[in-house]
Amino acid sequence: MALAGGGPLGAIHEIGALCALEEALPGLDFTDLNAYIGVSAGAFIAAGLANGMTPRQMCAAFIASDGLIDPRLFTQPAWREYRRRLRRLPSLAADAAWQLAAGKLPWVNALGLLGGALPNGLFDNRAMQAQLERVFSAPGRSNDFRQLRRPLVIVATDLDTGEAAPFGLPGWDSTPIARAVIASAALPGLYPPVAIQGRHYVDGALKKTIHASVLLDQGQDLLICLNPLVPFDASPRHDEAAQPAHDGKIPHLASVGLPAVLSQTFRSLIHSRLELGLKGYAHSHPECDIVLIEPDRHDPQMFRAGTFSYTLRRELAEHAYQQTRRWLRNRCAEFALVFGEHGVPLDLDSLFRERRLLPKLALRRSGNQLTERTHQVLDQLEAALAALPAA
């Protein structure tokens, strides 16, 4: 299994999709596949699966917030980095002033010297690393690549060379898993580079979107890829009548504003590399069946949520779960054949039965604590009134 990145939104989508796949493919143990590879946000999910955490368990940890993963850990200010950079400001300002006064640099370039006082990242990833270390130290789990039952590869990017760093492969397996995951998800600008054995590493998606060749070169015959970020398609679809109606349609992205334009640009760049990579894999590894699972490109809900959305995680996870189930139903004949060739039957009865990922109550608990408690009390009151005998 190969899991691509996409920020918190990507992890949320992958968890919802995995829960749908787990139900539709009961003969496939997603905690006991031949190998796993994760990039950026996908590194969190891949490390959990390789450590024996089922998709439902990760849903409880990341989505339903049972206390295992606190959402606030993603947005801890990098105070240490702020202070370290601020201490450099006086010397940088003096150097800029001297070079400007001496006429050695134009004032624009002199001001550029002050960029050395800017922090390398807004948020601190150490708290998340500490929490992952606690998660992977639970009985039956490990923070050591070499102690896992199945191979796990977490890909980061060496900041100084731009080369991919495949943590978990021989020669790269001494780094703790939690440290490798944090390095793979260190998106430049948001999180500082992660130092490992004298090198600095950042988000693994800077090099490639999915890095699936690491697994394909090991002779796999079936590769399941989850990619949560796709460009949005605002054009009318030909099969509109057969598709679910999407709320909040976006006729033109330019009318939404700069964030939508930048998001579409980022998604398009990432996805174009993925498409090229998959074409190359089909040519270089024709013996392997590759199943790619992605969101609906016409779905404005996933696009509007934003790459770093986490507050609406319950709604988005449910949305991804239902969307994946719908996608499997629409292509059930094709995938029944593909998975059947590998001895994994598709459970059509489960796939066509109405199901939910989360209880309705949990889905509505997306606001602050007072709002959540209010919804909970109202739901309980409604249930109690419904249970009363008619007057």
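The structure is a predicted model, and the elements assigned to the protein chain come to 16 helices and eight strands.

Of the 391 residues in the protein chain, 48% are buried. The accessible surface of the chain amounts to about 19200 Å², and carbon and sulfur atoms account for 58% of this surface. When contacts in the protein chain between residues at least 6 apart in sequence are considered, 76% of them join residues at least 24 apart.

Two residues stand out by their backbone angle. Most residues other than glycine have a negative phi. Ser40 is not a glycine, yet its phi is positive, at about 55 degrees. The relative accessibility of Ser40 is 6%, and because buried means under 20%, this residue counts as buried. Gln197, likewise not a glycine, has a positive phi of about 50 degrees. Gln197 is located in the loop between strand 5 (194-196) and strand 6. With a relative accessibility of 67%, Gln197 is classed as exposed, since the cut-off for that class is over 50%.

Helix 2 also takes part in a helix pair. Two packed helices are described by the angle between their axes and the distance between the axes. The axes of helix 2 (residues 41-50) and helix 8 (residues 177-184) come within 7 Å and cross at roughly 155 degrees. Angles over 145 degrees count as roughly antiparallel, so helix 2 is assigned that orientation relative to helix 8. The crossing of helix 2 and helix 8 is right-handed. On the side of helix 2, the residues in contact are Ala43, Phe44 and Ala47, and they meet Ile177, Val181, Ile182 and Ser184 of helix 8.

Seven aromatic pairs are present in the structure. One of them joins Phe167 and Trp172, with ring centres 5.5 Å apart and 85 degrees between the planes, an edge-to-face arrangement. Phe167 is buried, at a relative accessible area of 2%, whereas Trp172 is partly exposed, at 30%. Phe167 also pairs with Tyr201: the ring centres are 5.2 Å apart and the planes lie at 75 degrees, so this pair is edge-to-face as well, the cut-off being over 60 degrees. Phe167, Trp172 and Tyr201 together form one aromatic cluster.

A further position considered is Ala336, which lies in helix 13 (residues 332-340). The relative accessible area of Ala336 is 31%, so this residue is partly exposed. Ala336 and Leu348 are separated by 12 residues in sequence, and the C-alpha to C-alpha distance between Ala336 and Leu348 is 8.8 Å.

How values were computed. Residues numbered from 1 in each chain as written. Predicted model: local features only at pLDDT ≥ 70, side-chain atom pairs only at ≥ 80, totals over all residues. Heavy atoms only, no water. Helix = DSSP H or I, 4+ residues; strand = E, 2+ residues; numbered from the N terminus. Buried < 20%, exposed > 50% of the residue type's maximum accessible area, 1.4 Å probe, protein only. Contact = heavy atoms within 4.5 Å. Areas by Shrake-Rupley, 256 points an atom, 1.4 Å probe, with all protein chains shown as cover. Phe/Tyr/Trp six-rings, centres within 6.5 Å; stacked < 30°, edge-to-face > 60°. Axes fitted to C-alpha atoms, helices over the stretch in contact; angles between N-to-C directions. Parallel < 35°, antiparallel > 145°, perpendicular 65-115°, else oblique. Left-handed = near helix turned anticlockwise from the far one by under 90°.
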